[in-house]
Amino acid sequence: MKLIDRLSAGFAFLSGIMVFLLIAVMIFEVVSRYVFGSPTLWAGDLTYMLGGALFLCAAAFCLKEDGHVSIDFLVLMLPERLRSGIGAVLLLTLALPSFSAISYVAVAKALRAYERGEVDPVSAFASQLWPFYAALAAGMVMLTAQILVTGLRASLKAAGRDG
C-alpha cells in the first residue's frame with residue numbers, strides 16, 4: 001500500500017511539473033501571437049494534452065489525501081467505523097470495477113494509437129496522440145490502484161484495525 005501511495009505522490013509531482021510546462025506553453029503562445037504576430041500551430045494541442053494529463057495524473061494523490069469534493073454533512077453524523085465501511089463498500093464494489101474497466105480501455109486505446117500512428121484529426125499540427133493517451137492511461141491505472149488501496153484501508157478501519 002505504501003508503494004502505491006509513493007507512486008501517487010510521484011504522479012502528483014509530475015502533474016506539478018506539467019502545470020509549469022502548461023504555463024510556459026501558454027505564455028510562449030501569447031508572446032508569439034501578440035508580440036511577434038506569429039502564432040504557433042502546436043500550442044493548442046500541447047495545452048489540451050498537458051491539461052488532461054495533469055488532471056488525471058494528480059487524481060490518485062487527491063484520493064489518497066481525501067481531497068476530492070464531497071457533500072458529506074449526513075455521513076459525518078455516522079460513527080467513523082460505519083463511515084469507513086460504507087466507503088470501503090462503495091470503493092471496492094462500485095469504483096474499483098468501473099475504474100478498472102476504464103483503465104483497460106484507456107491502455108488499449110493508447111496502444112492502438114501508437115501502433116497506428118494516430119494523429120489528432122482536427123489539429124493543423126497533427127500531433128501524435130499516443131503520448132497523450134498513454135499519460136491518460138497511466139493516470140487512470142494509478143487512480144485505480146489508489147482506489148484499491150483506499151478501499152482496503154477503509155475496510156481495515158471498519159474492521160477496527162489501523163488502516
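These legends describe close-up views of a predicted model. In this model, local features need pLDDT of at least 70, side-chain atom pairs count only at pLDDT 80 or more, and totals for chains, interfaces and linings use all residues. Residues are numbered from 1 along each chain as its sequence is written, and side-chain values use heavy atoms, with hydrogens and water left out.

**View 1. A nonpolar surface patch that includes Phe36.** Val19, Phe20, Ile23, Ile27, Val31, Val35 and Phe36 make up the patch, which covers about 700 Å². Patch residues have over 30% relative accessible area and no salt bridge; like charges are joined within 9 Å, and nonpolar side chains (Val, Leu, Ile, Met, Phe, Trp, Tyr) within 5 Å. Areas come from the Shrake-Rupley method with a 1.4 Å probe; for residues, only the protein chains shown count as cover. Phe36 sits in the loop between helix 1 (2-35) and helix 2 (43-64). Helices are DSSP runs (H or I, at least four residues), numbered from the N terminus. At a relative accessible area of 63%, Phe36 is exposed. The classes are buried (under 20% relative accessible area), exposed (over 50%) and partly exposed (in between), with a 1.4 Å probe and protein chains only.

**View 2. The aromatic pair Tyr48 and Phe132.** The structure holds four aromatic pairs. The ring centres of Tyr48 and Phe132 are 5.4 Å apart and the planes stand at 90°, so this pair is edge-to-face. It links distant parts of the chain: Tyr48 belongs to helix 2 and Phe132 to helix 4 (residues 130-158), 84 residues apart. Rings of Phe, Tyr and Trp (its six-membered ring) pair if their centres lie within 6.5 Å; planes under 30 degrees apart count as stacked, over 60 as edge-to-face and the rest as tilted. Tyr48 is partly exposed at 33% relative accessible area, whereas Phe132 is buried at 12%. Tyr48, Phe132 and Tyr133 form one aromatic cluster.

**View 3. The aromatic pair Tyr114 and Trp130.** Here the ring centres of Tyr114 and Trp130 lie 5.1 Å apart with planes at 80°, so the pair is edge-to-face. Tyr114 comes from helix 3 (residues 80-116) and Trp130 from helix 4, 16 residues apart. Tyr114 is exposed, with a relative accessible area of 54%. Trp130 is partly exposed at 33%.

**View 4. The salt bridge of Asp5 and Arg153.** Side chains of opposite charge can pair when their charged atoms come close. The count in this model is four salt bridges. A salt bridge is a side-chain nitrogen of Lys or Arg within 4 Å of a carboxyl oxygen of Asp or Glu. Asp5 and Arg153 meet at 2.4 Å, N to O. Asp5 is in helix 1 and Arg153 in helix 4, so the bridge ties together parts 148 residues apart in sequence. Asp5 is buried, with 11% relative accessible area; Arg153 is partly exposed, with 22%.

**View 5. The salt bridge of Glu80 and Lys157.** The N to O distance between these side chains is 3.4 Å. Glu80 lies in helix 3 and Lys157 in helix 4, so the pair ties together parts 77 residues apart in sequence. Glu80 is partly exposed at 43% relative accessibility. Lys157 is partly exposed at 37%.

**View 6. The salt bridge of Lys64 and Glu65.** The closest N and O atoms of this pair are 2.7 Å apart. Glu65 is partly exposed, with a relative accessible area of 44%. Lys64 is partly exposed at 30%.

Technical notes: Helices (H or I, at least four residues) and strands (E, at least two) are DSSP runs, numbered from the N terminus.
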